[in-house]
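Thanks for making time this morning. I would like to walk you through one model, taking its parts in turn, so please have the sequence and the picture in view.

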Amino acid sequence: MVMNLTKPAMPSDDKRWKIVNATMRRHGHSQHSLIEALHTVQEIFGYLDETALKFVAKSLRVPLSKVYGVATFYNFFTLKPQGEHTCVVCMGTACYIKGAPQILEAIEHIAKIKPGETTPDRKLSVISARCFGSCGLAPAVVFDGEVAAKVTPAAATEKIRRWMNS
Amino acid sequence: MTPEELHKIAETELEAKQQTQHTLCVCMAAGCVSTHSDKVKESLAQQIEKHGLKETCKVKGVGCMGLCMAGPLVAVEQTGALYQMVAPQDAEEIVKNLGKQPVKRLVCDTTQPFFTRQKKIVLENSGVVDSERIEEYIAAKGYEGLLEALTSMNQAEVVEQVSKSGLRGRGGAGFPTGLKWGTVAKARGERKFVICNGDEGDPGAFMDRSVLESDPHRVLEGMAIGGYAVGASQGYIYVRAEYPLAVKRLKDAIKQAERLGLLGHNIFGTTFSFNIEVRLGAGAFVCGEETALIASVEGKRGQPRPRPPFPAERGLWDCPTLINNVETFANIPPIIRNGGEWFAGIGTEKGKGTKVFALAGAVKNTGLIEVPMGISLREIIFEIGGGIPDGKKFKAVQTGGPSGGCIPEQFLDMQVDYDSLAKVGSIMGSGGMIVMDETSCMVDVAKFFMEFCMTESCGKCVPCRVGTKQMHELLSKITDGTATDENLAMLEELCDVVKNTSLCGLGMTAPNPVVSTLRYFRDEYMAHIHDHRCPAGVCKIGKEQLATV
């Protein structure tokens, strides 16, 4: 039997799709590279949209339903674009008992959004995370990829306010 | 790579080391990096340049030194002096004082129990070698275990040494490692695999992260030895995507090892070939369970399946698979180098060797520690940890994360090993240890873990999917102050059902935090239910009552 190995065309001429293709090629377009491929998409586009899911599904010959199943099963993947700034509050045990809920409450209060949401002006996304292993520095918050240690509600809101007014 | 070449690399490295008068080691693990140790390192290098000391002084990044709360940490290799909370502007003073008295205001006392009471095997290189350079690992006897296994031991002898060591799985369950290796070695299959479980999902645990960031080659070497012992030529290391630094160091380490021929084809000129690939997790706690992890490596949803068959017989792509935790593999190189008997001489009768703990919560010294099995909880918390800060009173210590339990004061003098912790209703777990003081409400803590298990339940089996949700609702009622005695009875019954009927470890252990807090802190539950108050003042009922009084 001759397998049809033609790969689907890239969704657009955005060069970043080539990086996604490279990841899949490195794994021989095998079906088990699905998670790796989704990681690459999210890393370069920031989130997984329908176009990307369809492209990966076709390229790896995995049903779209399965791709969607995987994308929604894992917390790390997001199907919605994130805001300009992201604030991730750690809600791991150490951070929790050292006051992370109060930090989150304070942020929710001024940003008027709940964890997992983005402000209407797309300036800020707030996320609550399951421990990123900075327990020795609890409570920890990640502001745009940078871990801040021993954060107080006041320090967190101060930072958020500056972002929102920028 | 020949054995001679390996020894040559070690010699060259040691010679270069001797020519350096002062080496400043800056902690570059995630904890200290988040307090900007990278800037400290940069500024130390500038100062060395400025003072014309480039020939005799060196700055290098090293792995975790343990005392995360005092970061950024800088050590002087030759004198052993340790500086804490170093800021970039302190660099000049530190450099100027090299070879003289250390800078007093920055000195961290290394004679305190935090440092002296530890015993390091897994972490022997952490905070000492530059984790980004394979040469330093080789100079610290790295890859000698692999060399010895490949050139002077047969497969059965490797398994025998691991069995003799008495090493038990460090992921939490404590299954004897030698027995597992023997089973995979005997299993029939054309292809076999080795998987390293680095999906450290427990909130409050960061041992694997630190080991991978500080000494990645140790884990790779352990996996290669495992591959040789069981007859596998491909390994996967599954790491959380939430640990970008660990992933980067690991990928770099694999490239370095491949370049030197320590991974790849015909290692040390033998017929043994072994490759390792990194697989990223994507934020699912259940993937710490071995069958779920295997599904995830295969690119599927991380859902567990019933065992048997165990992965040792049918694992990745239905092939026999050896799956061990990061810390377990990290113990292997020294066991092969020094022999199983050496390792068996450390620890207790049923718990050999050491255990790495992530000490956090309401304790003065938070960070990463490694202690011999059999040490008491009191020694860990009050000597190494320095006790409870702010004059507060100790209430409980939580081990094992969402699968573990809360241990009260009366058991503080108990020896720590797998069996003793299980006896008091907790588990060893992967090594998270969270200390709680009187300001923590134990019902709230139980609810916190139940919320975790509820959201992380994969949904495959009913007891876990529905049971955790029901238990969470009942716990919420208790913390709201609206629960009745019947609700409590129902909660206890559910604990039993979920524990006994769930498919995998997540569900089977999910009730543990509730069961253990009910066992030792029942009065707190009663205060919520009967008196409608939260003794610790955490739950909303307590606050609202105060407001109305």
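This is a predicted model: local features need pLDDT of at least 70, side-chain atom pairs count only at pLDDT 80 or more; totals for chains, interfaces and linings use all residues.

Residues are numbered from 1 along each chain as its sequence is written, and chains are lettered from A and ligands numbered from 1 in the order in which they are written.

With that in hand, let me begin with chain B and its strand pairing: S9(B) and S10(B) run antiparallel and are joined by 6 bridges, and within S9(B)'s pairing Val356(B) stands opposite Glu370(B) in S10(B). These strands belong to an open sheet of 5 strands in chain B, ordered S10-S9-S13-S11-S12, with mixed pairing. Which strands stand at the edges of that sheet? They are strand S10 (367–372) and strand S12 (405–408) of chain B, each with a single partner strand, so one side of each is left without a neighbour in the sheet. From one strand to the next the twist averages 30°, where angles run from 0 to 180 degrees between N-to-C directions and axes are lines fitted to C-alpha atoms, for helices over the stretch in contact.

Stepping back to the whole of chain B, the chain is divided into domain 1 (7–116), domain 2 (141–344), domain 3 (354–437) and domain 4 (442–548), with bounds that come from an automatic or database domain assignment. The C-alpha centres of domain 2 and domain 3 of chain B lie 27 Å apart, and 15 residues of domain 2 of chain B are in contact with 16 residues of domain 3 of chain B, contact meaning that the C-beta atoms of two residues, placed from the backbone, lie within 7 Å. On the domain 2 side of that boundary there are 4 nonpolar, 6 polar and 5 charged residues; here Ala, Val, Leu, Ile, Met, Phe, Trp, Tyr, Cys and Pro count as nonpolar, Asp, Glu, Lys and Arg as charged, and the others, Gly among them, as polar.

How does chain B touch chain A, and how many residues take part? There are 35 residues of chain B in contact with 30 residues of chain A. On the chain B side, the elements giving two or more residues are helix H2 (30–33), strand S9 (354–361) and strand S13 (432–437) of chain B, and S9(B) gives the most, with 3 residues. By class, this side of chain B has 17 nonpolar, 13 polar and 5 charged residues.

Turning to chain A, its secondary structure comes to 7 helices and 5 strands, and its C-alpha atoms fill a box of roughly 65 × 30 × 25 Å, taken along the principal axes. Chain A is divided into domain 1 (16–73) and domain 2 (85–165), and the C-alpha centres of these two domains lie 29 Å apart.

The 5 strands form an open sheet of mixed pairing in the order S2-S3-S1-S4-S5 (chain A), and the edge strands, S2 (117–118) and S5 (146–148) of chain A, each pair on one side only. Strand S1 (residues 85–90) and strand S3 (residues 124–129) of chain A run parallel and are joined by 6 bridges, with Cys87(A) opposite Val126(A) in S3(A). Helix H6 (residues 100–111) of chain A packs on this sheet, touching S1, S3 and strand S4 (141–143) of chain A, and its direction makes about 150° with that of S1(A). Helix H7 (residues 153–165) of chain A also packs on the sheet, touching S1, S3 and S4 of chain A, with a direction about 150° from that of S3(A).Last, the helix pair H1 and H2: the axes of H1 (residues 16–26) and H2 (residues 34–45) of chain A come within 9 Å and cross at roughly 160°. The two are therefore roughly antiparallel, given that angles under 35 degrees count as roughly parallel, over 145 as roughly antiparallel, 65 to 115 as roughly perpendicular and the rest as oblique.

Methods
Helices (H or I, at least four residues) and strands (E, at least two) are DSSP runs, numbered from the N terminus. Two strands pair if DSSP finds at least two bridges between them.
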